[in-house]
Each structure stands twice: as C-alpha cells, then as structure tokens.
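Me: I am new to this structure and would like to learn how to read it. Please take one feature at a time, with the general idea before the case.

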Amino acid sequence: TATAATSEPPTSASTSAPATLTQLTSASRPFLPTKVPSDLPSLDRRRFGDFKQRFAVSLMTANLDLNDNWHRLILKCLPRSELTWFLNSQASSLLFEEGMALVENRVVRDADRLAATKALTSAAPRPGEDMRSYTSRYQSLMINVNAIDSPLQAEQFITTLPAALQAYIQ
C-alpha cells in the first residue's frame with residue numbers, strides 16, 4: 001500500500017537506501033523546525049579563514065548554536081561537487097571547529113593538491129631552460145604533491161624530457 005509523505009524523518013527501516021538529500025540529512029538528525037540565515041556566504045577556497053568567520057557570524061546573528069547547526073547549513077555553502085562527500089563523511093557528528101577543519105582539508109587542500117598534481121603531470125622543460133633548472137622545478141612540483149622520491153617518480157620525470165634525451169638516458 002502507498003503511504004502518505006510526511007515531514008518527519010524516515011524510520012530506520014526506510015534509511016537503508018536513502019534516495020534524496022532530505023532523507024540523507026534527516027536520517028541522522030531529529031526533525032526540528034529549521035531556521036536558515038539569509039546571509040550565508042559561499043565557500044571561497046582561496047579565503048577559507050574569511051569564509052569560516054563569516055559563516056560563524058551568520059549563524060550567531062541568527063541566534064543559532066554553531067555546534068548544533070553548522071553541519072546542516074554548510075550544505076548551502078559547499079560546492080555541489082562536495083555535497084555527496086560531506087553527506088557520506090562523519091562530519092555531521094563533529095563540533096564546529098573540528099568539522100570546519102575537515103571541510104578545509106577536503107575542499108581547500110585537496111584542490112591545491114589536485115592543481116599541484118596536474119602541474120606535475122604536465123611538466124616539461126621550458127624553451128631555453130637548462131636541465132639543472134628544470135630538475136629543480138620538477139622537484140619543487142613533487143614536494144607540492146607530497147610525492148616521495150622513488151624509481152617511479154624518476155621514470156615519470158624521464159618521460160617529461162625531450163625524446164632525444166630520453167633515448168640517450170635509456
């Protein structure tokens with residue numbers, strides 16, 4: 001038989017395969033009337049400290065407790081690409097400071113590592129750059145992605161060299 005839709009959270013039997021954002025978020029939290037500040041900031045990866053401060057001020061001026069409400073309201077601020085990660089993480093069980101540290105690590109630092117990895121994989125000697133300068137630049141890129149020097153990284157480095165130099169090395 002069909003059941004009528006309600007505004008109450010799903011029961012434990014109905015949360016085995018959540019299908020919607022509402023089910024995912026309400027399954028772990030009791031149903032409460034919600035208040036959403038109108039001035040929530042968008043997350044700016046380059047200025048996370050400012051975002052965190054503006055986010056906290058927005059909640060506090062709406063008379064909302066940071067630790068009780070941050071996990072619910074940050075969903076409106078996160079990039080769409082991070083919503084699934086956030087909902088599947090244990091972040092909602094953390095206090096504000098711990099949760100924001102997790103979000104910062106995921107959204108900001110992972111984006112920086114991704115950009116550094118992209119720079120590393122597309123590295124090549126620049127026109128007129130000597131091998132010493134290129135090697136130094138390549139090592140800096142490896143440090144930015146926390147790559148450990150190994151035969152695999154050496155092999156990767158060799159593949160970025162001009163074909164004639166690769167043939168000479170091999």
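Me: Which residues of α2 are buried?
Reply: Buried means under 20% relative accessible area, exposed over 50% and partly exposed in between, with a 1.4 Å probe and protein chains only. In α2 the buried residues are F48, F51, F55, A56, S58 and L59. Helices are DSSP runs of H or I, at least four residues, numbered from the N terminus. This is a predicted model, where local features need pLDDT of at least 70 and side-chain atom pairs count only at pLDDT 80 or more, while totals for chains, interfaces and linings use all residues. Residues are numbered from 1 along each chain as its sequence is written, and side-chain values use heavy atoms, leaving out hydrogens and water.

Me: Why do the buried residues of α2 line one face of the helix?
Reply: An α-helix has 3.6 residues a turn, so residues three or four places apart point the same way. Down the axis of α2, the buried residues fall within an arc of 160°, so they line one face; the arc is that of the directions from the helix axis to the C-beta atoms. On the other side of α2, G49, Q53 and T61 are exposed.

Me: Where does S58 lie, and what does S58 touch?
Reply: S58 is in helix α2, residues 48-61. S58 counts as buried because its relative accessibility is 1%. Contact means heavy atoms within 4.5 Å. Not counting residues up to four places away in sequence, S58 touches P37, D39 and L40.

Me: Which residues of the largest nonpolar core touch the most other members?
Reply: A nonpolar core is a set of buried Ala, Val, Leu, Ile, Met, Phe, Trp, Tyr and Cys residues joined through side-chain atoms within 4.5 Å. The largest has 25 residues, of which F55, W70, I74, F86 and V103 touch the most other members. At least two residues of this core come from each of α2, α3 (66-73), α4 (80-88) and α5 (96-121).

Me: How is the aromatic pair of Y134 and Y138 described?
Reply: A pair of aromatic rings is described by the distance of the centres and the angle of the planes. Rings of Phe, Tyr and Trp (its six-membered ring) pair if their centres lie within 6.5 Å; planes under 30 degrees apart count as stacked, over 60 as edge-to-face and the rest as tilted. The whole structure has six aromatic pairs. Y134 and Y138 form a tilted one, 6.0 Å centre to centre with 55° between the planes. Both lie in helix α6 (residues 131-144), four residues apart.
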